[in-house]
Amino acid sequence: MTGGDLAARQAELVAALVAGGPLPAGFAPAPVDAARRALLRKRGGDVARHWPLLAAGLGAAWPATFGGWAAGRPTNGSLRDGWDLARELRDRGTLPALGAEELAAREAAARYDGHRPPRPRRLPAVGRAGGAVAVQLAGRVRLLRPASR
Amino acid sequence: MTGPHGVGIGWRPEIAGFVADLPRLRFVEVVAETVAPAGPLPAGLAELRGRGITVVPHGVKLSLGGAEPVDPARLAHLAGVAARVDAPLVSEHIAFVRAGGLEAGHLLPLPRSREAVAAVVANVRRAQAELPVPIALEPIAALFDWPDDELDEAAFLTEILDATGALLLLDVANVHANARNRGADPLALLDRLPLDRVAYVHVAGGADQGGFYHDTHTDPVPAEVLDLVGELCARHRPPALLLERDGHYPPAAELRGELDALAAAAGFPVVT
């Protein structure tokens, strides 16, 4: 296990920590698993800062909800992680009202195809989620209708 | 612009008001990735600079320990931030944060091998060639080790510092965490590090969780970490100590108490 393969071994380790990859040979499972969980907690905190209403809406369920969604799924950055999670919860019918209002506002403000970074919308637009309706005019977003509670 | 001196605190937008109200504060650190090299500084930070307070950019995503060469754009950003805040030095970690196209999301440990030493040294030299100021390197807290370490922690760090001439940013909370989680003696490490190379010291809180001590930066500074500050100062007092807090911000009185405890442990003037 020596000589010139540091790049490959680092890649294996990161894959094990964030992408559900197998534990590389020779590593102690329990400490690496503790590190994997710590990374998920830190990432959950980062996403909560970018999506404060989504996290607040989930309250005590946030760590488990985020952790369950994010485990084995590499990050695309906090903004997109939160966006992807909010859309998935919306599709499952479990997006809390606060999260729906935040998602509606984000959808009105930017165009996000789920694959590339979101881009600000130049034209007026309406965003909807869970009954919430947000409108964006000249870059300013207003919530027209709150989510159903 | 003088180097960091005395007791400082990690500047974060959430506690900008608290930091601005510290009457005798002389230095802060700012996460380099959160500052734009061109354009206006965050309001609170600009005010501190206006008062002549030293600002040290602290990088967290350069990945100096990555096997690949450090990303020139990230390096240029760090250099730009250093110039923007007129920093006396910058700091980064002996760690890697990405590999194989995946972001780990936090600092990961390197194998303590000759190959890893060579990779870090090459990247630190690339950084030094672009940076307008010296760089201080921070050893991290790690929950796990690689299976094939050739060097112990002190030898690993000393080789990197010797080969690069870099300064040391010693994090006593990381020293505590690593010793606790490996059943090692933190003082034995302090005794073998080149303490005359310390530019400043990090202090932070943590908590036990799932059988490990986690360096969370969101919990109070434990007594053991404060004791380590005292042990460090008894050996070689560093020029400066910096409190890192990254969330679950306590009431101002509690945070002031931690800054006062740092000052007392090191014999520095209080900043509160």
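In this predicted model, the secondary structure of chain B amounts to nine helices and 12 strands. The radius of gyration of chain B is 17 Å, which is close to the 19 Å that the globule rule gives for 272 residues, so chain B is as compact as a globular protein of that length.

Within chain B, one pair of helices can be followed in detail. Helix H3 of chain B, made of residues 72-84, packs with helix H4 of chain B, made of residues 114-130, at an angle of about 45 degrees, and their axes are 9 Å apart. Because of that angle, H3(B) is oblique to H4(B), an arrangement that leaves neither the roughly parallel range, under 35 degrees, nor the roughly perpendicular one, 65 to 115 degrees, as a description of the pair. The crossing in which H3(B) passes H4(B) is right-handed. On the side of H3(B), the residues that meet the other helix are Leu75(B), Ala76(B) and Ala79(B), while H4(B) contributes Arg126(B), Ala127(B) and Glu130(B). By class, the residues of this contact of H3(B) with H4(B) comprise four nonpolar, no polar and two charged.

Turning to the contact between the chains, 27 residues come from chain A and 24 residues from chain B. On the side of chain A that touches chain B, the elements that give two or more residues are helix H1 (6-18) and helix H2 (29-50) of chain A. That side of chain A consists of 19 nonpolar, six polar and two charged residues.

A last stop is Arg119(A), which lies in strand S2 of chain A, residues 119-120. Is Arg119(A) buried or exposed? Arg119(A) has 10 other C-beta atoms within 10 Å, and because a residue with 12 or fewer counts as exposed, Arg119(A) is exposed. Leaving aside residues up to four places away in sequence, Arg119(A) touches Ala110(A) and Arg111(A). Val135(A) is 16 residues from Arg119(A) along the chain, and the C-alpha atoms of the two are separated by 16 Å.

Technical notes:
Residues are numbered from 1 along each chain as its sequence is written. Chains are lettered from A and ligands numbered from 1 in the order in which they are written. This is a predicted model: local features need pLDDT of at least 70, side-chain atom pairs count only at pLDDT 80 or more; totals for chains, interfaces and linings use all residues. Two residues are in contact if their C-beta atoms, placed from the backbone, lie within 7 Å. Helices (H or I, at least four residues) and strands (E, at least two) are DSSP runs, numbered from the N terminus. Ala, Val, Leu, Ile, Met, Phe, Trp, Tyr, Cys and Pro count as nonpolar, Asp, Glu, Lys and Arg as charged, and the others, Gly among them, as polar. Axes are lines fitted to C-alpha atoms, for helices over the stretch in contact, and angles run from 0 to 180 degrees between N-to-C directions. Angles under 35 degrees count as roughly parallel, over 145 as roughly antiparallel, 65 to 115 as roughly perpendicular and the rest as oblique. A crossing is left-handed if the near helix is turned anticlockwise from the far one by less than a right angle, and right-handed if clockwise. The radius of gyration is taken over C-alpha atoms; the globule rule is 2.2 Å times the number of residues to the power 0.38. A residue is buried if 20 or more other C-beta atoms lie within 10 Å of its own, exposed if 12 or fewer, and partly exposed in between; C-beta atoms are placed from the backbone.
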